[in-house]
2 protein chains.
Amino acid sequence: MADRKHIILDAAISVIARKGLGGLRVEEVAERAGVAVSLLYYHFDNRRGLVRATLEHANERAAQTIKDLSADQRTGAELIITMLLAELEDPAQARELSVLWSEVMASAFFDPSLRDQLAEASDRWAALVADAVWRGQEDGSIGALTAPADLAALLTSMVDGLSARWLAGLITRERARELLAMSVMSMLGIHHATVSRP
Amino acid sequence: MADRKHIILDAAISVIARKGLGGLRVEEVAERAGVAVSLLYYHFDNRRGLVRATLEHANERAAQTIKDLSADQRTGAELIITMLLAELEDPAQARELSVLWSEVMASAFFDPSLRDQLAEASDRWAALVADAVWRGQEDGSIGALTAPADLAALLTSMVDGLSARWLAGLITRERARELLAMSVMSMLGIHHATVSRP
């Protein structure tokens, strides 16, 4: 039954990424997941419950991606570059999550009920980046002495800004990645010798 | 008649800032502006025409604000700090424009018809920032040698990211301003002696 729930939640992520939160209809999620609408109501009570579970699932999926990345990297600097660039990936699954969070961020202004989960996802993501900054300051791959929490807030805001521009069609994904690499190098005091620019 | 049009467009900005683009109803704009609905259709043909004229008007209003600021500043560095911080202002009028552009940016992914006007506003804004960077590199107030266009893209993306977080309730406006000042100093190579931190 856990698998069936995951399939439904992955379908909900896809629907939100294609139509926005306002366009999310329970019927369409059920159809996409290949299950009966009644099963969705059984698991999630109502549309609001489905949205809440979907954001939780998206948060887990994003955290898992970062955990998978963390295992392979050597220096803190390399880990940060990899983590941040992963937010500007094109494969459908990564892109879906970018669209989802961008949509939730914009919607939270109009719908305060989204804010707790957005804050949770944002804090978790910032904490992982701050850990990597700390690691890079320890291993010498990051020259900047600014507090890890401040650098993490700056870097994640920059990623959000670039991601929003990419998704809105203002800049290409390649340009967004180039700008992100520039800002990371500059803000962290990383030299080209340490990390090759993607 | 030009004044009446401005009143309608200011009312449309307020409605979008309170309810989002999806929540914009011609009737509500007319009521807020204190005019007959038929007058809106007379001037703007339909809802889409009203949205288009509103974004144009918002773009003009933002450009005028920056022009007013530009006259008073001395160095390029001071001008940039002032221009960027103006995006994180609380007075209703400034905040409305922040919400509007944030909403248009997020909506452009789902509604490509918004992209041309978004690109126009974004290019205009980036060009003004790039001009100020060039000015600061000339007058010595900006130490960074990065191309003005790249720095302008980075700084405006950072403002967007911080503004989105502020509007979504993730960080306070004071924290957003503090982070913005930090990133501007770091990316432009500005020293504290040159510009006092706000």
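**Close-up views of a two-chain predicted model**

At 63% relative accessibility, A:D45 counts as exposed, where exposed means over 50% relative accessible area, buried under 20% and partly exposed in between (1.4 Å probe, protein chains only). The model is a predicted one, in which local features need pLDDT of at least 70 and side-chain atom pairs count only at pLDDT 80 or more, while totals for chains, interfaces and linings use all residues. Residues are numbered from 1 along each chain as its sequence is written, chains are lettered from A and ligands numbered from 1 in the order in which they are written, and side-chain values use heavy atoms, with hydrogens and water left out.

View 1. A:D45, a residue other than glycine, has a positive phi near 70°, and its place is in the loop between helix 3 (37-44) and helix 4 (47-72) of chain A; helices here are DSSP runs (H or I, at least four residues), numbered from the N terminus. In chain B, B:D45 is likewise not a glycine and has a positive phi of about 70°. B:D45 is placed in the loop between helix 3 (37-44) and helix 4 (47-72) of chain B, and it is exposed, with a relative accessible area of 61%.

**View 2. The interface of chain B and chain A.** In this view, 39 residues of chain B are in contact (heavy atoms within 4.5 Å) with 39 residues of chain A. The two chains bury about 3200 Å² between them, 67% of it on carbon and sulfur atoms, buried area being the accessible area (1.4 Å probe) that two parts lose on being put together, summed over both. On the side of chain B, the residues that lose the most area to chain A are B:F109, B:F110 and B:R165, together 20% of what that side buries.

View 3. Across the interface the rule finds 4 salt bridges, each defined as a side-chain nitrogen of Lys or Arg within 4 Å of a carboxyl oxygen of Asp or Glu. A:D150 and B:R175 form a salt bridge in which the closest N and O atoms are 2.8 Å apart. Helix 1 (2-19), helix 6 (92-108), helix 7 (115-139), helix 8 (148-167) and helix 9 (173-188) of chain B each supply at least two residues of the side that touches chain A, and the largest share of that side, 13 residues, comes from helix 8 of chain B.

**View 4. The salt bridge of A:E78 and A:R74.** The side chains of A:E78 and A:R74 meet in a salt bridge (3.2 Å, N to O). A:E78 counts as buried at 17% relative accessibility, whereas A:R74 is exposed, with a relative accessible area of 66%.

**View 5. The salt bridge of A:E89 and A:R173.** The side chains of A:E89 and A:R173 meet in a salt bridge (3.8 Å, N to O). A:E89 lies in the loop between helix 5 (76-85) and helix 6 (92-108) of chain A, and A:R173 in helix 9 (residues 173-188) of chain A, so the pair ties together parts that are 84 residues apart in sequence. A:E89 is partly exposed, with a relative accessible area of 27%, whereas A:R173 is buried at 18%.
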